[in-house]
Amino acid sequence: MIPDSARTTDAAALALEYGESVVLDSIRRTHARLAYRAFGATRVMGSRGPQLVHDAVSSTVYGALSGGLRAGSLVARGLASRGIGAPMDTSATGRKLRAAVNGLVGDQLRLASDPQTIVMTIRNDGVDVPASTWWLSQAFPAASDHLTVFVHGLCESEEVWVGPDGHGFGTLVEDQTESTSVLVRYNTGLAPTENGTHLSALLSQLLLAWPVAVRRITLVGHGMGGLVIR
């Protein structure tokens, strides 16, 4: 169940888009302010010629850079639409990058229907697990009646709960209690109140579809995850 909608070429396109709309625009505005100050003396002397020449050259250069970044973004999006580029969720680095990007601009990604947008879901071994009985029984063959649900923080993913050797808080809880650990991944760029609503709906689906009758749920949150739970 490795999703293939978000690819490395999508990430490249997004970087180029924000490079053009945010980084380059910020540099351009800073340059303009500095130039205005630098040509103050020539304006006092009544000559605007040097500043006009500078502004014309500057506008041409920045226009070319902006056009190049936009063109590069379009090319990257076109490659992604043809399936070129590795799915981001197939590597730990890709998953971390996608989680970080969602934490920074997740609301904008959703408005743009960007394939990198994360939708809240249950995760197991790095893949999505639909909240249906069959999928849950496959992902959690030893499902118990006590669930411990882990909700990560800002710019993180569910893998923050998993150690480098595959063991972390989730396995620790399972080893020391009779509960089953359930990891949740979500778009941390959305408001905690909205994610809280999504979490409530997901837990309702989880209760109905869990392979055995649920007796108890324990919620564990880190950072923003605590706000979402609250």
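Which residues is His146 in contact with, leaving aside its neighbours within four places in sequence? In this predicted model, the partners of His146 are Glu178, Ser179, Thr180, Arg215, Arg216, Ile217 and Thr218. His146 itself lies in strand E3. With Thr218, the link is also a polar one: the two side chains are joined by a polar contact of 2.8 Å. His146 counts as buried because its relative accessibility is 10%, and buried means under 20%.

One of the contacts of His146 is Ile217, which has its place in strand E5, residues 216–221. Ile217 has a relative accessibility of 32% and therefore counts as partly exposed. Together with Leu207 and Leu219, Ile217 forms a nonpolar patch on the surface, and the accessible area of these residues together is about 220 Å².

Is His152 buried or exposed? Its relative accessible area is 0%, so His152 is buried. Apart from neighbours within four places in sequence, the residues in contact with His152 include Ser157, Glu158, Val160 and Trp161. Val184, Arg185, Tyr186 and Thr188 are also among the contacts of His152, and His222, Met224 and Gly225 complete the list.

Technical notes. Residues are numbered from 1 along each chain as its sequence is written. This is a predicted model: local features need pLDDT of at least 70, side-chain atom pairs count only at pLDDT 80 or more; totals for chains, interfaces and linings use all residues. Side-chain values use heavy atoms; hydrogens and water are left out. Buried means under 20% relative accessible area, exposed over 50%, partly exposed in between (1.4 Å probe, protein chains only). Contact means heavy atoms within 4.5 Å. Helices (H or I, at least four residues) and strands (E, at least two) are DSSP runs, numbered from the N terminus. A polar contact is a pair of N or O atoms within 3.5 Å; within protein, one must be able to donate a hydrogen and the other to accept it, and residues adjacent in sequence count only if both atoms are side-chain atoms. Patches are made of residues with over 30% relative accessible area and no salt bridge: like charges are joined within 9 Å, nonpolar side chains (Val, Leu, Ile, Met, Phe, Trp, Tyr) within 5 Å. Accessible areas come from the Shrake-Rupley method with a 1.4 Å probe; for residues, only the protein chains shown count as cover. A salt bridge is a side-chain nitrogen of Lys or Arg within 4 Å of a carboxyl oxygen of Asp or Glu.
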